[in-house]
Amino acid sequence: MSYGDWIHNSRGEWYVIAQAAIMLLVLIAPRLDGTSPSMSAAETLAGAILCLVGLTFVVLGSLSLGRSLSPFPRPRDEGLLVEAGIFSLVRHPIYTGLTVLALGWSTMWMSLAALAATAALFAFFDTKSRREECWLQEKFEGYGRYKTRVKKLVPFIY
């Protein structure tokens, strides 16, 4: 990649850097507001279930994409459009999964700072997915039809 490509964000490199920063913020947020893991079994269980659901979305989305998987929002040249499996529930299951995982982490710690960082992560993924979808529509003729059938980040809702 040339310097010019980096500056012009040809694959969406800045999105990856921002995503990593926000995800790191989610992880360290409980330290920022001084919370410790919840002692409540219900909160710990709820958080663990959310983490498991989130991880399931991430793993299923990653496996479904196979060689098309990339951290960058611009699809790979050799990438394929995946509409089956977890992608029939939500267009961006990895983003959904990471957000649900962050919500579970926030719940386990009962951290308002982590919850705020999770909200920022969701807003970021909404923005990143908009850019990604522009590139997907340019690359795949059927993406517009897929968009009308399947919600973006929250199954059946959004």
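K152 is buried, at a relative accessible area of 8% (buried is under 20%, exposed over 50%, partly exposed in between; 1.4 Å probe, protein chains only). Some points around this residue follow.

1. First, the ground rules. This is a predicted model, with local features needing pLDDT of at least 70 and side-chain atom pairs counted only at pLDDT 80 or more, while totals for chains, interfaces and linings use all residues. Residues are numbered from 1 along each chain as its sequence is written, and side-chain values use heavy atoms, leaving out hydrogens and water.

2. On confidence: pLDDT is the predictor's confidence in each residue, from 0 to 100. The chain has a mean of 93, and 94% of its residues reach 70 or more. Over residues 3-7, however, the pLDDT is below 50, and this stretch has seven contacts in the model beyond near neighbours in sequence (a contact means heavy atoms within 4.5 Å).

3. Back to K152 and its partner. The side chains of K152 and D126 meet in a salt bridge at 2.7 Å, N to O (a side-chain nitrogen of Lys or Arg within 4 Å of a carboxyl oxygen of Asp or Glu). D126 sits in helix α5 and K152 in the segment after α6 (143-149), so the pair ties together parts 26 residues apart in sequence. Helices here are DSSP runs (H or I, at least four residues), numbered from the N terminus.

4. D126 is itself buried, with a relative accessible area of 10%. Its side chain also makes a polar contact with the side chain of R130, at 2.6 Å (a pair of N or O atoms within 3.5 Å; within protein, one must be able to donate a hydrogen and the other to accept it, and residues adjacent in sequence count only if both atoms are side-chain atoms). Leaving aside neighbours within four places in sequence, D126 touches K152, L153 and Y158.

5. The salt-bridge count comes to seven. One of them joins R91 and E133 at 2.6 Å, N to O. R91 lies in the loop between α3 (41-65) and α4 (93-109) and E133 in helix α5, so this pair ties together parts 42 residues apart in sequence. R91 is buried at 10%, and E133 is buried at 4%.

6. E133 also forms a salt bridge with K147, with the closest N and O atoms 4.0 Å apart. K147 is partly exposed, at 32% relative accessibility.

Conventions. Helices (H or I, at least four residues) and strands (E, at least two) are DSSP runs, numbered from the N terminus.
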